[in-house]
Amino acid sequence: MDPKRLSSSSQQQVRLRQKRTKREWRPLEDRSCTDLPWFLLFTVFCVGMGSICGFTIVTGGAARLVFGYDSYGNTCGQRNEQIEGVRLSGLDHTDRKFVFFLDPCNIDIVQRKIKSMALCVSLCPTEELKTYQDLKRFAMVNGSELCSYELAAHRYPVLEQRTTKCPKLPVPPSKPLPVFNRCTPVDISCYARFAEAVVTFVGDNSVLHRLIAGVAASKEIIIGLCVLALFLSMILMVIIRYISAVLVWILTSLVVLGSLAGTSVLWWLYIDYRLYGNDTSSKVLKEAKEEVEVTRDSGQALLVYAVAATVFTIILLLLMLFMRKRVALTIALFHVAGKVFIHLPLLTLQPFVTFFALLLFWIYWILVLLFLGTTGNPVQNEETGLTEFRLTGPLQYLTWYHAVGLVWISEFILACQQMTVAGAVVTYYFTRDKNRLPVTPILSSVLRLVRYHLGTVAKGSFIITLVKIPRLILMYIHNQLKGKENACARCMLKTCICCLWCLEKCLNYLNQNAYAATAINSTSFCTSARDAFVILVENALRVATINAIGDFVLFLGKILIVTTTAFAGVLLLNYQRDYAEWLLPLIIVCLFSFLVAHCFLSIFEIVVDVLFLCFAIDTKYNDGTPGKEFFMDKALMEFVESSRRLERAVERGRSRVKEVASEGAEIKPMMFAPGRVRRIKKQKPGGCHILYVCPSATPNNQPKKNCRETKNNQI
């Protein structure tokens with residue numbers, strides 16, 4: 001092969017590589033798959049999650065959960081095989097389809113399960129059975145034997161084993177569950193003890209019944225208030241751009257005034273103590289010296305608090321002084337974010353889609369977890385003598401694998417939402433003519449995500465999982481050791497949990513900006529995270545202002561929605577005079593309204609963050625000149641113009657200061673180095689002479705331009 005042709009082709013490849021690596025920071029039409037190995041790894045992991053579900057179905061765990069099984073390992077409604085070492089196993093329960101517990105109220109609150117013996121019966125008792133004679137009559141008439149299989153029904157009243165192998169009297173009436181075929185008592189007071197363990201404020205059964213009755217009676221009002229919270233959240237996202245300026249400045253004023261008032265009160269208390277505390281101390285000194293020491297400590301504490309509050313107030317005022325320009329940027333971003341929701345109305349559906357996807361996955365995860373609880377080898381419980389199914393050996397790690405899947409896939413779904421929103425907002429920002437936006441930018445962003453960037457989302461969510469799982473493990477250890485560990489260990493655990501939580505929040509914010517950078521440049525996760533981090537560091541003060549003020553404004557929005565919904569709930573529930581009846585419905589409404597407001601305003605927060613990243617990129621790589629026109633909205637353009645005017649004013653002030661300083665520097669050689677200057681004498685009309693002091697290089701014919709006029713001919 002010709003070496004010249006080879007060298008020219010290699011040079012073309014180098015130029016092509018350099019062209020690809022150059023960042024244009026504009027949405028690319030020609031995209032490529034990013035982080036493909038991580039997509040393959042996530043796919044393999046999801047296949048493993050599905051394999052666990054298949055394993056539970058094949059080994060009978062799913063059937064035992066759905067159809068139920070007795071205390072001898074027999075699945076109800078099926079023909080069973082003999083289990084080695086377990087008596088009364090391998091029975092034909094084709095006609096016995098329901099699980100009946102001999103003592104359904106014997107609940108293990110710690111393990112959250114019923115400790116009673118379970119049997120497969122053909123019919124649940126619909127009436128209360130008070131005596132063993134009633135048990136015999138029920139078995140003879142309906143063919144459903146409620147005692148252990150080895151006991152004959154006609155001998156129930158006279159058998160000695162009836163106290164341990166027959167149900168506890170009286171037997172409450174029960175009904176089978178629709179899907180899981182368990183005989184459940186009709187009277188829920190049987191589970192009052194369990195309810196007390198879950199809801200600690202319930203003191204007796206009557207309170208529990210009244211609370212449940214209040215929820216049942218107010219279900220229409222609860223649904224209506226939840227719809228109201230949903231409607232208010234959607235409206236707030238659109239109108240927040242009109243009230244953001246008022247909210248921001250009110251918030252700033254309240255914070256400054258509050259800090260000044262708090263500092264003033266602390267100093268007033270300290271001065272009052274200094275003025276009037278001495279007389280009290282002298283009286284107390286005669287009574288006891290210990291009380292004097294306590295009083296002195298109080299005075300020192302007041303002084304420390306006052307000084308600390310003063311330092312905090314000074315720092316706060318300085319921050320407000322230096323960051324006042326960046327507050328205007330926060331207001332402009334909120335204004336543009338409101339426009340984004342007007343042009344992209346499908347963004348309001350993102351919380352519904354994400355919640356629905358998470359709900360489906362969580363239901364699937366819980367079902368598989370329950371399947372795992374009834375999967376494995378039959379093991380006889382040493383305490384109760386009942387047969388249970390447990391995973392042994394390497395199979396017990398399936399539960400841990402399943403737990404990791406809960407965190408990773410949940411974070412993956414949330415990351416997909418962030419990537420979708422970022423892609424749509426990036427398309428909106430970098431489209432100059434908003435009338436030429438795609439018909440459905442949200443769907444276009446979803447398609448780009450599925451086709452190119454699932455690997456990036458999988459990698460980012462896995463990083464969050466690596467931080468979240470240790471934190472959850474430490475929280476579990478802390479709860480298990482509560483009251484047993486010493487103070488040092490408790491402090492270390494809480495410190496580690498807090499540090500991991502902070503790290504998780506920082507990584508979440510960086511991931512979100514990395515997804516936005518990927519949506520712009522179609523780069524891998526690490527490259528996008530590095531580029532976004534550089535941009536954020538260059539605008540650190542702006543980031544701090546937006547996160548501090550913007551997050552608090554959104555928090556005020558959440559409080560506004562909750563309080564409005566709660567006020568409407570109080571008005572609607574006011575006709576129920578018993579406060580205990582509408583307390584629980586009101587709590588449910590407030591929790592739901594806060595959850596809805598958080599979901600919607602979190603989308604608004606993502607939009608603001610992505611807009612800021614686009615704005616920072618736009619101002620860094622464009623300056624408004626031909627060929628480098630800005631992409632930003634009019635509101636952001638006004639902010640840039642005002643910033644530029646302020647910078648020009650500052651530059652003019654600096655140039656004037658430099659001119660004055662240079663003039664002063666020129667005077668010194670005239671006064672102290674006469675050899676370096678010369679005097680020029682000019683005659684004015686009328687015979688008056690003027691003396692000019694000039695540098696040696698000044699032309700003789702231009703004394704007034706470069707020289708200084710002296711008075712009385714003195715230097």
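The lining of the largest cavity has nine nonpolar residues, one polar and one charged; here Ala, Val, Leu, Ile, Met, Phe, Trp, Tyr, Cys and Pro count as nonpolar, Asp, Glu, Lys and Arg as charged, and the others, Gly among them, as polar. The model is predicted, with local features needing pLDDT of at least 70 and side-chain atom pairs counting only at pLDDT 80 or more, while totals for chains, interfaces and linings use all residues. Residues are numbered from 1 along each chain as its sequence is written, and side-chain values use heavy atoms, leaving out hydrogens and water.

**Cavities**

- Rolling a probe the size of a water molecule over the atoms shows where empty space is left.
- On a 1 Å grid over the protein atoms alone, a cavity is a set of points where a 1.4 Å probe fits but cannot get out, and lining residues have an atom within 4 Å of a point.
- Three cavities of 30 Å³ or more turn up in a search of the whole structure.
- The largest cavity has a volume of about 70 Å³, a volume being the space filled by probe spheres set on the points, with grid points joined across faces, edges and corners.
- Its lining consists of Phe-100, Phe-101, Leu-102, Pro-104, Pro-167, Lys-168, Val-171, Pro-172, Ser-174, Cys-183 and Pro-185.
- The elements giving two or more residues to this lining are β1 (98-101) and β6 (183-185); helices (H or I, at least four residues) and strands (E, at least two) are DSSP runs, numbered from the N terminus.

**The largest pocket**

- A pocket is an open set of points with protein on both sides within 12 Å along at least five of seven lines.
- The volume of the largest pocket is about 1800 Å³.
- Its lining has 49 residues, and Glu-411, Leu-414, Lys-468, Glu-504 and Lys-505 lie nearest the pocket's centre.
- Two or more lining residues come from each of α11, α12 (398-429), α13 (441-480), α14 (487-521), α16 (540-573) and α17 (579-621).
- Helix α12 gives the most, with 12 residues.
- By class, the pocket lining has 27 nonpolar, 13 polar and nine charged residues.

**Helix α2 against α11**

- Helix α2 (residues 36-58) packs against helix α11 (residues 350-373) at an angle of about 45 degrees, with their axes 9 Å apart; axes are lines fitted to C-alpha atoms, for helices over the stretch in contact, and angles run from 0 to 180 degrees between N-to-C directions.
- That angle makes α2 oblique to α11, since angles under 35 degrees count as roughly parallel, over 145 as roughly antiparallel, 65 to 115 as roughly perpendicular and the rest as oblique.
- Contact (heavy atoms within 4.5 Å) involves Met-49, Gly-50, Ile-52, Cys-53 and Thr-56 of α2, and Phe-361, Tyr-364, Trp-365, Val-368, Phe-371 and Leu-372 of α11.
- This contact has nine nonpolar, two polar and no charged residues.

**Helix α2 against α12**

- The axes of α2 and α12 come within 10 Å and cross at roughly 130 degrees.
- That makes α2 oblique to α12 as well.
- Residues in this contact include Leu-41, Phe-42 and Val-44 of α2 and Leu-398, Tyr-401 and His-402 of α12.
- The contact divides into 14 nonpolar, three polar and no charged residues.

**Backbone details**

- The peptide bond from Leu-169 to Pro-170 is cis, with omega near -10 degrees.
- Pro-170 sits in the loop between α5 (162-165) and β5 (174-176).
- Asp-35 is not a glycine, yet has a positive phi of about 55 degrees.
- Asp-35 is placed in the loop between α1 (3-21) and α2.
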